[in-house]
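Reader: I'd like to learn how to read a model like this one, feature by feature. Could you take me through it?

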Amino acid sequence: MTEVKKTYKHYVDGKFVRSESGKVYAIDLKKEKYEIPLTSKKDLRDAVTSSKAGFTKWNSLTMYNKSQILYRLSEMIEGNKESYIELLMDHGFTKQKANKDIDESIKNIVWFAGLADKWEQLAGNLNPVSEEYFNISHQNPIGVVFSLSGSNVSLNELLMSILPSLTVGCSVISYSEE
């Protein structure tokens, strides 16, 4: 019987796409073989272009809407918790460690969702001036943020690398070493 390898793709602009080069590198995890696409300059440029468009859409939402989307993400992960646990176990986690990682992920998403519509009050300032007017600092998202994650497959670590940027209104390009 011929072994069929799982081939991963890039997720860009809401679609799974193959690398422009078509090149992959293979890794073995728990007797399973995976092929990970090698990212080319064009692939990265496409991701940045898409992320800039995503930033415009994401930044046009109210902070309340962003927080609701993040809450919904936590609900979706919680609803599919067993699938995530199995996926982490396939990547070397014990059931207990995978369960803890998913619980921490949900807790952190909820925390950032709660912060999304409050961060302006926490980060903004009323600056003292010597005139008859107020000077108020206002925080603006910077745009597209690049997040480089380690080779650890922890869902919580991935989320903690992107949630702060998403919460304040930036869009994120995430890359993992693995």
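This is a predicted model: local features need pLDDT of at least 70, side-chain atom pairs count only at pLDDT 80 or more; totals for chains, interfaces and linings use all residues.

Reader: Which backbone nitrogen lies 3.0 Å from a polar atom of the side chain of Asp-101?

Author: The backbone nitrogen of Leu-155 sits at that 3.0 Å distance from the Asp-101 side chain. Asp-101 itself belongs to helix α4, which covers residues 95–116. Beyond its neighbours within four places in sequence, Asp-101 is in contact with Leu-88, Phe-93, Ser-154, Leu-155 and Asn-156.

Reader: How many salt bridges does the rule give?

Author: The count comes to five. One of them joins Lys-42 and Asp-46, whose closest N and O atoms are 2.9 Å apart. These two residues are four apart in helix α1, so about one helical turn separates them. Lys-42 is partly exposed at a relative accessible area of 36%, and Asp-46 is partly exposed at 32%.

Reader: Which side chain meets Asp-103 in a salt bridge?

Author: That is Lys-81, at 2.5 Å from N to O. Asp-103 lies in helix α4 and Lys-81 in helix α3 (residues 81–90), so the pair ties together parts that are 22 residues apart in sequence. Asp-103 has a relative accessible area of 35%, which makes it partly exposed.

Reader: What is the distance, N to O, in the salt bridge of Glu-104 and Lys-107?

Author: For that pair the distance is 3.3 Å. Glu-104 and Lys-107 are three residues apart in helix α4, so they are separated by about one helical turn. Both ends are partly exposed: Glu-104 has 27% relative accessibility, and Lys-107 has 49%.

Reader: Let's move on to helix packing. At what angle do the axes of α4 and α6 cross?

Author: To read such an angle, remember that values under 35 degrees count as roughly parallel and values over 145 as roughly antiparallel. The axes of α4 and α6 cross at roughly 5 degrees and come within 9 Å, and the two helices are therefore roughly parallel to each other. Among the residues that meet are Asp-101, Ile-102, Ser-105, Ile-109 and Phe-112 in α4, and Leu-155, Asn-156, Leu-159 and Leu-163 in α6.

Reader: What about α2 and α6: roughly parallel or antiparallel?

Author: Helix α2 (residues 63–79) and helix α6 (residues 155–167) pack at about 170 degrees, with axes 12 Å apart. They are therefore roughly antiparallel. Met-63, Leu-70, Leu-73 and Ile-77 of α2 make the contact with Leu-155, Leu-159, Leu-163 and Thr-167 of α6.

Reader: Now the backbone: which phi does Asp-13 have?

Author: Asp-13 has a positive phi of about 55 degrees, although it is not a glycine. Its place is the loop between β2 (10–12) and β3 (15–17), and Asp-13 is exposed, with a relative accessible area of 51%. Thr-49 is 36 residues from Asp-13 in sequence, yet 9.0 Å away in space, C-alpha to C-alpha. Thr-49 lies in helix α1 (residues 41–60) and counts as exposed at 52% relative accessibility.

Reader: Finally, how many helices and strands does the protein have?

Author: There are six helices and nine strands. Of the 178 residues, 31% count as buried. Among contacts between residues at least 6 apart in sequence, 63% join residues at least 24 apart.

Notes
Residues are numbered from 1 along each chain as its sequence is written. Side-chain values use heavy atoms; hydrogens and water are left out. A polar contact is a pair of N or O atoms within 3.5 Å; within protein, one must be able to donate a hydrogen and the other to accept it, and residues adjacent in sequence count only if both atoms are side-chain atoms. Contact means heavy atoms within 4.5 Å. Axes are lines fitted to C-alpha atoms, for helices over the stretch in contact, and angles run from 0 to 180 degrees between N-to-C directions. Angles under 35 degrees count as roughly parallel, over 145 as roughly antiparallel, 65 to 115 as roughly perpendicular and the rest as oblique. Buried means under 20% relative accessible area, exposed over 50%, partly exposed in between (1.4 Å probe, protein chains only). A salt bridge is a side-chain nitrogen of Lys or Arg within 4 Å of a carboxyl oxygen of Asp or Glu.
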